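Subject: Structure handover

Hello,

Here is the structure I promised you. Please open it and keep it beside this email while you read.

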Amino acid sequence: PSPSPQKPADRWAWKLVRGIVGSIEPKSLRAEHVDILNAGIRSGTTSGFTRQARAASVRKLLIALWQDHGAAKLYERVVKSPTPKPRNITATEDERAKVMSLASPHMLCMVMLCSDMAIRSGTAQLLTPEQYDPVG
């Protein structure tokens, strides 16, 4: 996939690359530039998910520069952050009741679906009628 200006991590990657390499030609990119990019990916955030998204965006950008602009094949040198473990914090009954009392009808449906089925919101958003199993 190509970098998208709509994705915050992709915009961040563009700013990082532009800030480090400036206006040099893509053909002039070297491994030393990627080492500096990796340092930028690691700094400024403690969130493993953010680091992973930023590294993926830098990798996508370097792939595009390699495929479309003749840059060296440097994307493989971008740091690979391990996928962080999901948080395992459970809401208390008081917190759940407060959310339920304040939620709009469509959000209440989403909260109940995710909570009662023990699924993440991203998984719930991908569900379609074709995945409904009336027997199971």
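A crossing is left-handed if the near helix is turned anticlockwise from the far one by less than a right angle, and right-handed if clockwise. Helices are DSSP runs of H or I with at least four residues, numbered from the N terminus.

Some ground rules. This is a predicted model, where local features need pLDDT of at least 70, side-chain atom pairs count only at pLDDT 80 or more, and totals for chains, interfaces and linings use all residues. Residues are numbered from 1 along each chain as its sequence is written, and side-chain values use heavy atoms, leaving out hydrogens and water.

Two packed helices are described by the angle between their axes and the distance between the axes. Axes are lines fitted to C-alpha atoms over the stretch in contact, and angles run from 0 to 180 degrees between N-to-C directions.

Start with α2 and α3. Helix α2 covers residues 31–42. α2 passes α3 in a right-handed crossing. The angle is about 155°, and the axes lie 9 Å apart. The two helices are therefore roughly antiparallel (angles over 145 degrees). Val-34, Leu-37, Ile-41 and Arg-42 of α2 touch Arg-51, Arg-54, Ala-55, Val-58 and Leu-62 of α3. Contact here means heavy atoms within 4.5 Å. Six of these residues are nonpolar, none polar and three charged. Nonpolar means Ala, Val, Leu, Ile, Met, Phe, Trp, Tyr, Cys and Pro; charged means Asp, Glu, Lys and Arg; the others, Gly among them, are polar.

Next, α1 and α3. Helix α1 spans residues 8–21 and α3 spans 48–69. Their axes come within 8 Å and cross at roughly 65°. This crossing is right-handed too. On the α1 side, the contact includes Trp-12, Trp-14 and Leu-16. On the α3 side, it includes Ala-53, Ser-57 and Leu-61.

Now α4 (residues 93–102) and α5 (residues 105–117). Their axes come within 9 Å and cross at roughly 150°. That makes α4 roughly antiparallel to α5. The crossing is left-handed. Arg-96, Val-99 and Met-100 of α4 meet residues of α5, including Leu-108 and Val-111.

Last, the cysteines. How many disulfides are there? The count is zero, with a disulfide being a pair of cysteine sulfur atoms within 2.5 Å. The sulfur of Cys-114 is 9.1 Å from that of Cys-109, too far for a bond. Cys-109 is exposed at 52% relative accessible area, while Cys-114 is buried at 14%. Buried means under 20%, exposed over 50%, and partly exposed in between, with a 1.4 Å probe and protein chains only.

Best wishes

Technical notes. Angles under 35 degrees count as roughly parallel, over 145 as roughly antiparallel, 65 to 115 as roughly perpendicular and the rest as oblique.
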